[in-house]
Amino acid sequence: MKHWWHSFGLLLKWNVLRLRSELPMFMVIQTLISVGIVIGFSFIIPEIDPLSALYLTTGAMTVSLITVGMVVAPQIVAQQKERGLLNYQRTMPVPRLALLAADAVVWVVSALPGLAVTLGVATARFDLDVTVSPWVIPGIVLVSAGAAGIGYGIAYVAKPVLVGVITNLVLVISLMFAPVNYPAERLPGWAQEVHEWLPFQYMAQAIRESVDVPPAGVTLLPFAVLAAWAVAGLAVTSRVMTRRV
Amino acid sequence: MTNAPPVLEIEHLTKDYRKGVRANDDITLQVGAGEVFGLLGHNGAGKTTLLNQVIGIAKPTSGTIRIDGRDAVADPVMARDACSMQPQTQAPLDGVSPREAIELMARLRGADRRRAKRRTAELIEVLDIQAWQDAKGERLSGGVQRLTAFAMAAAEPGRLVMFDEPTNDVDPVRRRMLWAEVRKLADQGCAVVLVTHNVVEAERAVDRLAILDHGRVVDQGTPSQLRGDHANKLRFEVTCTSAGAAAGLAERFTGIEPAVSTGRRMMVPIWADDCPAALTWAQDEQRAGNVDEFSFTPVSLEDIYIRLVGPEGNGNTEEVGDEALVA
């Protein structure tokens, strides 16, 4: 385990050094996208009720984490794959999951300021009254881990040219066709059923309920489902990474 | 050195890819501590596949690989800990400078901070890349990237170090520096495996070598063992005025073995005693306008290599050679 943390620490340092000139720009853009979703949707729906406002705010935060884990991270892995860098990494004496974790942590942490700003802007814009609970921490961790687990799974399994298309599809689904920015009841019945098997609504629920705790308390099911998705995604990724051809 | 068990022991290693391509065919070789072992062969001869199996990113179809007596096939994690490698593929240098990359790699391989810093400074100096030590990877030339990747593997080498084509894109002066560093690693007790298709360089850098052709070891030993009874032969090399002329002359000239032509060059081993006759012949051809220049040199490893695997790596030159000898 000591070796794991030692490797993780050094790989994290490597990633921060590697991305030092891009990370500030990334943080700014990530924040703009997230805030943009809130403001933009409020133009689409002029008379916004408090429930819709809450969905929109926490939905934007969720989409931000989905973007990082399921779009940015896998697209970068796909680029690295194309350039043969993954083969180099495979020869390094480091645990495979430490390699992934060090990568994912950089992206997720760089998305955090955007989440805070989004919440701030949205509460001001919609006069929202939120009750942020400590559950927001495991919430963000699990949503990120779930998104990154699936994202890396896509990146490692799919051909690099397909990764861009697949991740864009994921983004459109999460933004428009998943009960993230609006309640599930607005979707047709069959779509609601499909989403019971997909991670998006659980991601949204985990963030929404930990940012504004409902009277009945935080539901634990989303956390369990997301943990399962994270484990499944990482298992596939780890299998692909350690597979000997 | 001969009493100690070898650091790397490969026995009857065969690797078939799923498409039915046999990349390695019954390879047996050993590399001891303090030894630089060369793997020579054409593109696609199976050199990189062999390395990938040692480091545990490819799995042998059959056969064994042991590093310091431990089973590397069963325990690839152990193999990666014990062995550092410069793969043929590009190193991940985007956004990081050579100094940062070498130091981080040394620390990932277990060096403490001070030792990693010291080794990094040392390697940057001996490879003469100080001018670029703080430049970001994407701004470096191919040669400096390659030297950085070399240093990343050499910084904290472990028991076994493997370099896959380390001198590609590297200028001739720094190549010599690199070879000197390879020798130093061996002198410090590492077993070094060097993959190359540059025979001339390999001859100077390695203690022993194996020649691979279509996944098989066609010969192995020290350079002088490989030369064998070729020791009292000379290589007669003729640069012709055209490739056609070279092929024509190669067909007509018979030395100890038939002549081989590649491009404008024709090469053939001859007995030292036959040198005067060959000289007269070459001068005649030069006057006839077929030959630009010619030389006589001791038979090199390159001749042996080309004889063993053929100019295109077809491995069928023996038959051709015998026929030509009879003629």
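Figure 1. The contact draws 21 residues from chain A and 22 residues from chain B, two residues being in contact if their C-beta atoms, placed from the backbone, lie within 7 Å. On the side of chain B that touches chain A, α2 (76–82) and α3 (98–108) of chain B each supply at least two residues; helices (H or I, at least four residues) and strands (E, at least two) are DSSP runs, numbered from the N terminus. The largest share of this side, four residues, comes from α3(B). By class, this side of chain B holds 11 nonpolar, four polar and seven charged residues (nonpolar: Ala, Val, Leu, Ile, Met, Phe, Trp, Tyr, Cys and Pro; charged: Asp, Glu, Lys and Arg; polar: the others, Gly among them).

The model is predicted: local features need pLDDT of at least 70 and side-chain atom pairs count only at pLDDT 80 or more, whereas totals for chains, interfaces and linings use all residues. Residues are numbered from 1 along each chain as its sequence is written, and chains are lettered from A and ligands numbered from 1 in the order in which they are written.

**Figure 2. Packing of helix α1(A) against α3(B)****.** Helix α1 (residues 2–19) of chain A and α3(B) pack at an angle of about 170°, their axes lying 10 Å apart. Axes are lines fitted to C-alpha atoms, for helices over the stretch in contact, and angles run from 0 to 180 degrees between N-to-C directions. The two helices are therefore roughly antiparallel (angles over 145 degrees). From α1(A), the residues A:Ser7, A:Leu10, A:Lys13, A:Trp14 and A:Leu17 meet B:Glu100, B:Leu104, B:Arg107 and B:Leu108 of α3(B). This helix contact comprises five nonpolar, one polar and three charged residues.

**Figure 3. Four-stranded open sheet of chain B****.** The strands follow the order β12-β13-β11-β14 with antiparallel pairing; two strands pair if DSSP finds at least two bridges between them. At the edges stand β12 (260–262) and β14, each with a single partner strand, so one side of each has no neighbour in the sheet. Neighbouring strands are turned by 20° against each other on average, direction ignored. Strand β11 (residues 233–240) pairs with β13 (residues 265–271) over seven bridges, and B:Arg235 has B:Pro269 as its bridge partner in β13(B). Seven bridges also join β11(B) to β14 (residues 291–298), where B:Phe294 is the bridge partner of B:Val238.

Figure 4. The C-alpha atoms of B:Trp281 and B:Leu178 are separated by 41 Å, the two residues being 103 residues apart along the chain.

Note on methods
Angles under 35 degrees count as roughly parallel, over 145 as roughly antiparallel, 65 to 115 as roughly perpendicular and the rest as oblique.
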